Amino acid sequence: MSAFSLDGKTALVTGANTGIGQAIAVAMGRAGAHVICAGRSSCAETVGLIASAEELALDFADPMAGTGIFTDRTVDILVNNAGIIRRDDSTDFSEDDWDAVMDVNLKALFFTSQAFAKAALAAGREGRIVNIASLLSFQGGIRVPSYTASKHGVAGLTKILANEWAARGIGVNAIAPGYIETNNTEALRADPERNKAILDRIPAGRWGQADDIAETAVFLSAPASKYIHGAVLNVDGGWLAR
Ligand code: NAP
């Protein structure tokens, strides 16, 4: 079997209805996995694009919502993709915008990962976790303080969970996407000055597509990456090299 195959594996992707999560779910399916498409919005469209897939309602308005989902299903690969962003000057940033982002991007990611690892360890099963981090796991950004804090946190959690679980059969890594054309970046693309400033700095000379991230998620879930642990891999058209 190819070292890049996910044949026989079940992958659960959070936020699989759109954007990067949808592209990852489709790529996982293409690589042979059965895919559980989890989301607060319907994932019917994504399920329709995959040979073997099912839908799971999962809303991180309660960041502990993922803790019960591994008791009655076997999952080999968890992709923590769901994430939100709120923009405001740091002088005006509200507690609501702080809590909402930290709950979805960081608290839900940790406790869903914990539940996944507990189930896998109890069953003596290997597992892989792929977290979706950000360039703002490394850089400060502008007007997105809770997003930056949460994504720095995602990088940190990726490393601590790898330290604790690598020898126990669970690989934990993250992808730091560059600027990708999704709902998340709509406001940036709509602002001609910000759009130009961003494009001018990307060595690849274009915004990323969700599909640019998807195959990296497959790689980090497949046997080919079995000795990679705790990595935060930037897939950014060269942005961080600049
Ligand atoms: P997106 O199109 O806005 O997708 C975000 C996903 O998260 C959607 O499926 C969304 O569901 C889901 N989500 C939001 N709140 C949720 C909740 N309470 N419960 C469950 N799911 C929830 O943006 P995207 O760019 O694909 O983002 C995916 C991930 O990539 C995020 O973690 C984001 O931070 C990260 N990222 C994106 C970029 C970029 O340039 N686009 C760069 C770096 C990192 P709804 O559709 O129902 O809102």
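Predicted model: local features only at pLDDT ≥ 70, side-chain atom pairs only at ≥ 80, totals over all residues.
Modeller: Residues are numbered from 1 along each chain as its sequence is written, and side-chain values use heavy atoms, with hydrogens and water left out.

Colleague: Fine. Why is S5 called buried?

Modeller: The cut-offs are relative accessible area under 20% for buried, over 50% for exposed, and partly exposed in between (1.4 Å probe, protein chains only). S5 has 12%, so it goes down as buried.

Colleague: Where is S5, and what is it in contact with?

Modeller: S5 is in the segment before strand 1 (10–14); elements here are DSSP runs numbered from the N terminus, helices being H or I with at least four residues and strands E with at least two. Contact means heavy atoms within 4.5 Å. Setting aside neighbours within four places in sequence, S5 is in contact with A31, A222 and P223.

Colleague: What makes N80 buried?

Modeller: Its relative accessibility is 4%, so N80 counts as buried. N80 is in strand 4.

Colleague: And which side chains does N80 make polar contacts with?

Modeller: The rule asks for a pair of N or O atoms within 3.5 Å; within protein, one must be able to donate a hydrogen and the other to accept it, and residues adjacent in sequence count only if both atoms are side-chain atoms. The side chain of N80 pairs with that of S113 at 3.0 Å and with that of N131 at 2.8 Å. Leaving out residues up to four places away in sequence, N80 touches T14, L109, T112, S113, I129, V130, N131 and I132.

Colleague: How many aromatic pairs are there?

Modeller: Rings of Phe, Tyr and Trp (its six-membered ring) pair if their centres lie within 6.5 Å; planes under 30 degrees apart are stacked, over 60 edge-to-face, and the rest tilted. By this rule there are five aromatic pairs.

Colleague: Why is a label put on the pair F70 and F116, and which label is it?

Modeller: The centres are 5.6 Å apart and the planes at 75 degrees, so F70 and F116 are edge-to-face. F70 sits in the loop between strand 3 (53–57) and strand 4 (77–80), and F116 in helix 3 (residues 95–123), so the pair ties together parts that are 46 residues apart in sequence. Both F70 and F116 are buried.

Colleague: What about F110 and F111?

Modeller: F110 and F111 are edge-to-face as well, at 4.8 Å centre to centre and 80 degrees between the planes.

Colleague: Which residues form one aromatic cluster?

Modeller: Y179, W207 and W239.

Colleague: How do you know that the charged end of R201 sits over the ring of W239?

Modeller: The test wants NZ of Lys or CZ of Arg within 6 Å of the ring centre and within 35 degrees of the ring normal. R201 is 4.2 Å from the centre of the W239 ring. R189 likewise lies over the face of W207, at 5.6 Å from the ring centre.

Colleague: What makes a space a cavity, and what a pocket?

Modeller: On a 1 Å grid over the protein atoms alone, a cavity is a set of points where a 1.4 Å probe fits but cannot get out; a pocket is an open set with protein on both sides within 12 Å along at least five of seven lines. Lining residues have an atom within 4 Å of a point. Points join across faces, edges and corners, and volume is the space filled by probe spheres set on them.

Colleague: How much space lies in the largest pocket?

Modeller: About 1100 Å³. It is lined by 49 residues, of which G83, I84, I85, Y147 and N184 lie nearest its centre.

Colleague: Last one: why is F138 called partly exposed?

Modeller: F138 has 39%, so it falls in the in-between class. R143, at 38%, is therefore partly exposed too. R143 also has a positive phi of about 65 degrees although it is not a glycine.
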